[in-house]
Amino acid sequence: MSKTILTVDDSRMMREMLLTVLRTAGFNVVQAEDGVHGLEVLSQSEPDVIITDINMPRMDGYGFIEGVRNDSRHRATPILVLSTESDPEKKNRARQAGATGWIVKPFKAESLVEAIRRVSA
Amino acid sequence: MDPMESIKQTYFVECDELLADLESGLLALESDEGDSDTINAVFRAVHSVKGGAGAFGFEALVEFAHVFESTLDAMRSGTLAVDNDNVKIMLRAADVLADLVQAAKDGSSVDPARTQTLADELSALITPQDGAPVTGDDGEPAADSWGFTPLKLDIDEPAAPSRWILTVTPTPAAYAKGHDPAILLREVARLGDVECWLDASALPDLNALDPEGSYLRWTVFIDSAVEETAIRDVFDFVGEDCPITLDREAPADQPLEDIAPPPAADFDVAALISLAQAQSGSDPAMPSDEPAAAPKAADHEESGGGREPSKQAAAGATIRVDLERVDRLIDLVGELVINQAMIAQRVVESELGRSSSVAIGLDELEQLTREIQDSVMAIRAQPVKSVFQRMPRLVREVAGMTNKSVRLVTEGEGTEVDKTVIERLSDPITHMLRNAIDHGVETPDERVAAGKPAEGVVRLSASHRSGRIVIEVADDGKGINRPRVREIAINKGVISPDANLTDDEIDNLIFAPGFSTASTVSNISGRGVGMDVVKRSIQALGGRISIASVPGRGSTFTMSLPLTLAVLDGMVVTVGDQTLVSPLTAIVETLRPKPTDIRLLGPKGAVLAVRGAHVPLIDIGVALGWRDEPIPPANGVILLVESEVGGRAALVVDQIQGQRQVVIKSLEQNFQHVDGVAAATILGDGRVALILDVDAVIAARSRDRFEPQPLAQAS
């Protein structure tokens with residue numbers, strides 16, 4: 001059974017790109033536009049892996065990750081952060097919030113799929 | 001379309017929105033209306049532009065966006081002040097960013113010196129600045145901590161360094177963040193040959209077991225050829241949540257047990273892992289037994305089934321529709337309106353009575369049609385924001401060129417108007433703004449001398465007023481220099497030296513063809529285009545423009561336009577046996593003339609005295625060739641009209657039927673251009689009525705005037 005990935009990103013272009021890459025790799029893709037929307041989508045779906053941006057309106061990635069971890073249904077779901085930033089302090093903050101991994105944008109299709117494979121059983 | 005190409009298109013559409021957000025955010029900051037959310041939004045905009053640019057390899061764009069972003073980040077974190085000077089630099093940086101996006105889009109080039117200058121200015125704002133180009137940041141991006149290369153070497157050399165000993169002790173926090181030791185160990189196993197031991201000695205009895213606790217630790221012996229960083233990289237992100245130790249194995253003669261914790265050989269390792277992982281429900285992968293091939297197999301499995309995402313439909317609140325389809329719909333609704341009017345006419349003719357069921361049903365139909373028409377028009381209606389948001393840049397540039405300090409304030413950006421009108425608003429607004437800055441606002445020195453703040457304010461606003469959109473451009477500059485305007489008008493022969501004009505009339509002289517008050521024609525207001533062209537282009541849209549000015553206090557240009565070009569407010573009139581529609585915007589007033597007000601002029605011509613002025617009389621029947629002799633004007637009705645080309649005129653028609661909104665049908669598209677006729681429409685009775693082109697009719701008459709005629713004799 002193919003895995004379901006939830007992507008949370010405010011950029012339409014990034015959503016489209018993720019959709020193309022992940023679909024090509026054979027995943028089911030569910031998408032959300034920001035943290036608040038992401039939590040809404042989560043309430044009705046059970047993704048195997050969550051990929052989220054950090055800089056988003058309404059609720060940023062940190063808030064979203066904390067929200068996911070507070071929901072007992074998703075507290076063990078791997079969360080990958082997809083961000084243009086790579087400084088250790090931000091990574092650490094994401095880790096504190098409960099993120100599982102970090103991918104730097106722009107990403108290569110293979111490395112994204114590889115990262116998903118690395119965090120999901 | 002190639003998926004990447006289509007994503008690229010999306011990116012550019014998105015960039016336009018982001019750049020607009022960026023600019024409006026910066027403007028809000030400039031006018032002190034911004035807060036930390038605004039700074040965040042501004043930062044996000046640049047950040048997203050950069051993110052997408054990186055994906056498509058637009059390096060110049062990425063580089064500049066990165067510098068810009070760093071500066072904004074400093075502002076966001078509070079280390080850089082949000083003051084006017086800094087925001088001004090950022091506004092200019094936003095312009096450069098927009099140019100770079102444009103360059104990426106159409107392959108045009110951007111002056112690298114300008115980009116560099118601004119990048120330097122931005123960098124200078126944040127000290128200490130590394131100044132290094134961003135490429136380093138993005139050169140190794142995709143990899144980061146994940147981009148290791150699995151290294152597999154067969155090493156027979158006994159002299160090679162001894163094996164690695166890795167201990168992995170996950171804390172409960174690691175499990176809480178979705179980490180799975182099995183997966184981490186599997187990754188380690190991919191690096192090379194491993195030998196993995198589980199220490200489950202800390203595992204309590206089942207009744208004492210905390211399901212969220214962490215009781216297991218692992219010791220892994222890893223092939224010596226594997227690089228240390230590769231091993232550490234696996235645990236990079238889990239970090240302190242899963243402490244590891246990594247050492248070289250002691251010399252081979254030392255017994256293994258001395259270093260490694262005693263392996264719990266009696267335990268069924270797989271069962272224990274699955275126990276520890278039971279809560280997360282993940283597949284218990286056996287790290288020590290799982291060769292690197294297994295995940296690969298899993299990948300293949302995954303690529304087998306590509307299913308549609310389930311809950312996507314709810315995501316988008318807007319859809320993009322081809323404009324042609326909307327136009328077609330509008331055409332059809334136009335036809336529907338006409339058809340409905342025709343049926344109504346038939347019902348009246350059949351004398352069924354107003355209370356008959358047909359008539360009542362028809363009333364409902366009429367109401368519905370009108371609602372459909374409004375709704376369809378609303379589809380095409382768009383906020384003027386798309387035009388307004390281009391203006392701050394223009395103002396900056398013009399202000400820069402004229403060495404004036406000007407702030408643009410916009411109001412009513414949400415005012416909606418038909419798309420076709422929006423497209424044609426840009427030029428008149430551009431001209432009015434240029435004019436306001438170039439001729440209206442004074443230099444900072446002059447302003448201070450006049451007791452005003454050094455920075456001028458130009459206000460651009462839009463609003464709805466009685467079914468029209470009104471756009472105002474108001475400046476707080478010096479106002480119109482009336483004596484000078486009058487002098488120029490006389491010199492250019494626009495008015496005669498003894499003309500007696502009101503202030504208003506003098507102000508409106510600037511709309512006269514070929515008028516320019518600047519002593520030297522500047523290339524800003526100019527381009528050889530004067531306010532007369534602005535006025536004409538607005539009139540072509542069925543609009544009007546006027547000016548109000550107070551010396552020393554500023555001028556206000558007001559233009560009003562119809563909300564749509566698809567329907568027109570018209571006066572339906574009868575001429576001979578024909579029905580005509582005259583655009584309401586052209587008509588100043590209608591009247592029944594007294595015979596004494598009509599003065600004959602030459603053999604055919606006549607003028608009408610209206611409040612002391614004489615206006616040429618034009619018989620529409622004659623002008624359009626429907627009759628040879630004009631009817632006595634006193635028997636008809638006069639439409640007093642105004643046009644830019646020939647001033648005022650009195651059009652003689654037989655009768656006025658009423659005012660009505662009519663759907664415009666282009667004559668050129670279906671037939672050909674006819675002088676004096678702007679378009680056609682279909683009336684309720686199904687007959688075609690021509691829409692009068694008032695300007696053309698008056699212009700034709702002015703041409704006739706220059707044909708040799710006997711001297712005028714007043715009767």
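Predicted model: local features only at pLDDT ≥ 70, side-chain atom pairs only at ≥ 80, totals over all residues.
Q: Which strand order does the open sheet in chain A have, and which strands stand at its edges?
A: The order of this five-stranded open sheet is S2-S1-S3-S4-S5, with parallel pairing. Strand S2 (28–32) and strand S5 (101–104) of chain A are the edge strands, and because each has a single partner strand, one side of each is left without a neighbour in the sheet. Neighbouring strands of this sheet are turned by 20° against each other on average when direction is ignored. Helix H2 (residues 35–42) of chain A packs on the sheet, where H2 touches S1, S2 and S3 of chain A, and the direction of the helix makes about 135° with that of S2(A).

Q: How many strands form the open sheet of chain B, and in what order?
A: That open sheet has five strands in the order S20-S12-S13-S22-S21, and the pairing is mixed. At its edges stand strand S20 (655–663) and strand S21 (677–682) of chain B, each with a single partner strand, so one side of each lacks a neighbour in the sheet. From one strand to the next, the twist averages 35°. Strand S12 (residues 567–575) of chain B and S20(B) run antiparallel and are joined by eight bridges, and Met571(B) has Gln659(B) as its bridge partner in S20(B).

Q: Is Leu692(B) buried or exposed, and where does this residue lie?
A: Leu692(B) belongs to strand S22 (residues 688–692) of chain B, and this residue counts as buried because its relative accessibility is 3%, the cut-off for that class being under 20%. Leu692(B) and Gly570(B) lie 122 residues apart in sequence, while their C-alpha atoms are 9.6 Å apart in space.

Q: Which residues of strand S10(B) make up the covered face, and which the uncovered one?
A: In a regular strand the side chains alternate between the two faces of the sheet. In strand S10 (residues 544–550) of chain B, the covered face consists of Ile545(B), Ile547(B) and Ser549(B), whereas Arg544(B), Ser546(B), Ala548(B) and Val550(B) form the uncovered one. S10(B) pairs in the antiparallel sense with strand S11 (residues 554–562) of chain B over seven bridges, and Ser546(B) stands opposite Thr558(B) in S11(B). The two strands form a hairpin with three residues between them, and Gly552(B), in the turn, has a positive phi of about 80°.

Q: At what angle do the axes of H17(B) and H21(B) cross?
A: Two packed helices are described by the angle between their axes and the distance between the axes. The axes of helix H17 (residues 419–440) and helix H21 (residues 531–540) of chain B come within 10 Å and cross at roughly 150°; H17(B) and H21(B) are therefore roughly antiparallel to each other, since angles over 145 degrees fall in that class. The crossing in which H17(B) passes H21(B) is left-handed.

Q: Which residues meet where H17(B) and H21(B) are in contact?
A: Pro428(B), His431(B), Met432(B) and Asn435(B) in H17(B) meet Met531(B), Val534(B), Ser537(B) and Ile538(B) in H21(B). The residues of this contact comprise five nonpolar, three polar and no charged.

Methods. Residues numbered from 1 in each chain as written. Chains lettered and ligands numbered in written order. Heavy atoms only, no water. Helix = DSSP H or I, 4+ residues; strand = E, 2+ residues; numbered from the N terminus. Buried < 20%, exposed > 50% of the residue type's maximum accessible area, 1.4 Å probe, protein only. Pairing = 2+ DSSP bridges. Axes fitted to C-alpha atoms, helices over the stretch in contact; angles between N-to-C directions. Parallel < 35°, antiparallel > 145°, perpendicular 65-115°, else oblique. Left-handed = near helix turned anticlockwise from the far one by under 90°. Contact = heavy atoms within 4.5 Å. Nonpolar A, V, L, I, M, F, W, Y, C, P; charged D, E, K, R; others polar.
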